[in-house]
Amino acid sequence: HRMSAFDEVMLLNVASQMPLQKLDEYKNLFLSLDTDKNGILDAKELAQAMCRAGLEENMAKEVADRLARRGGVEFTRFVAALIPLKPEVMLPHLRDAFDRLDIDGDGVVTEEEIRT
């Protein structure tokens, strides 16, 4: 299943708002997978991370290839990619992320609101 632009924006928004203590496990995993220590995971490094987090190998490769298509994945995008694997981490932050994107407060996030 392909991630829509809205899904990606929401996950990045949630990832950027997570408490630091929740990010520690992701940070340690990110650092351990960043084999060339450049602060960016390539598709291979990202697929390994997703497998370690519980995603099936073929799905991990497909998702990693898609996420890394822009030249790699920095830490916030890495966290956003792993969040759906841990709903207990995502759910408390999801409504808050939606409300931040819903600028006019009408309960609908438009394409224009996502761009701002």
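Trainee: Let me start with Ala81: in which helix does Ala81 lie?

Mentor: Ala81 is part of helix H5. Helices here are DSSP runs (H or I, at least four residues; strands are E, at least two), numbered from the N terminus. Before we go on, residues are numbered from 1 along each chain as its sequence is written, and side-chain values use heavy atoms, with hydrogens and water left out. Please also keep in mind that this is a predicted model, where local features need pLDDT of at least 70 and side-chain atom pairs count only at pLDDT 80 or more, while totals for chains, interfaces and linings use all residues.

Trainee: Good to know. Is Ala81 buried or exposed?

Mentor: For that we use relative accessible area: under 20% is buried, over 50% is exposed, and partly exposed is in between (1.4 Å probe, protein chains only). Ala81 has 9% relative accessibility and so counts as buried.

Trainee: Which residues does Ala81 touch, not counting residues up to four places away in sequence?

Mentor: A contact means heavy atoms within 4.5 Å. By that rule Ala81 touches Met50 and Leu67. As for Ala97, it is 16 residues from Ala81 in sequence, and the two C-alpha atoms are 16 Å apart in space.

Trainee: How many of the residues of H5 are buried?

Mentor: The helix is mostly covered, with 6 of its 8 residues buried. They are Arg77, Phe78, Val79, Ala80, Ala81 and Leu82. These buried residues pack against helix H1 (5-17), H2, H3 and H4.

Trainee: Let's take one of those neighbours. At what angle do H3 and H5 pack?

Mentor: Two packed helices are described by the angle between their axes and the distance between the axes. Here the axes are lines fitted to C-alpha atoms, for helices over the stretch in contact, and angles run from 0 to 180 degrees between N-to-C directions. For H3 and H5 the angle is about 40°, and the axes are 11 Å apart. Their crossing is right-handed, a label used if the near helix is turned clockwise from the far one by less than a right angle, with left-handed for anticlockwise.

Trainee: Which residues meet there?

Mentor: On the H3 side you will find Leu46, Ala49 and Met50, and on the H5 side Phe78, Ala81 and Leu82. This contact has 6 nonpolar residues, no polar and no charged ones. In this scheme Ala, Val, Leu, Ile, Met, Phe, Trp, Tyr, Cys and Pro count as nonpolar, Asp, Glu, Lys and Arg as charged, and the others, Gly among them, as polar.

Trainee: And how do H3 and H4 pack?

Mentor: Helix H3 (residues 43-52) and helix H4 (residues 57-67) make an angle of about 140°, with 8 Å between their axes. They are therefore oblique to each other; angles under 35 degrees are roughly parallel, over 145 roughly antiparallel, 65 to 115 roughly perpendicular, and the rest oblique. The crossing of H3 and H4 is right-handed. H3 contributes Ala43, Leu46, Ala47, Met50 and Cys51 to the contact, and H4 contributes Glu57, Ala60, Lys61, Val63, Ala64, Asp65 and Leu67. This set divides into 9 nonpolar, no polar and 3 charged residues.

Trainee: How many aromatic pairs does a search of the whole structure find?

Mentor: Rings of Phe, Tyr and Trp (its six-membered ring) pair if their centres lie within 6.5 Å; planes under 30 degrees apart are stacked, over 60 edge-to-face, and the rest tilted. The search finds 3 such pairs. One of them joins Phe30 and Phe78, edge-to-face, at 5.2 Å centre to centre with 65° between the planes. Phe30 is in helix H2 (residues 20-33) and Phe78 in helix H5 (residues 75-82), so this pair ties together parts 48 residues apart in sequence.
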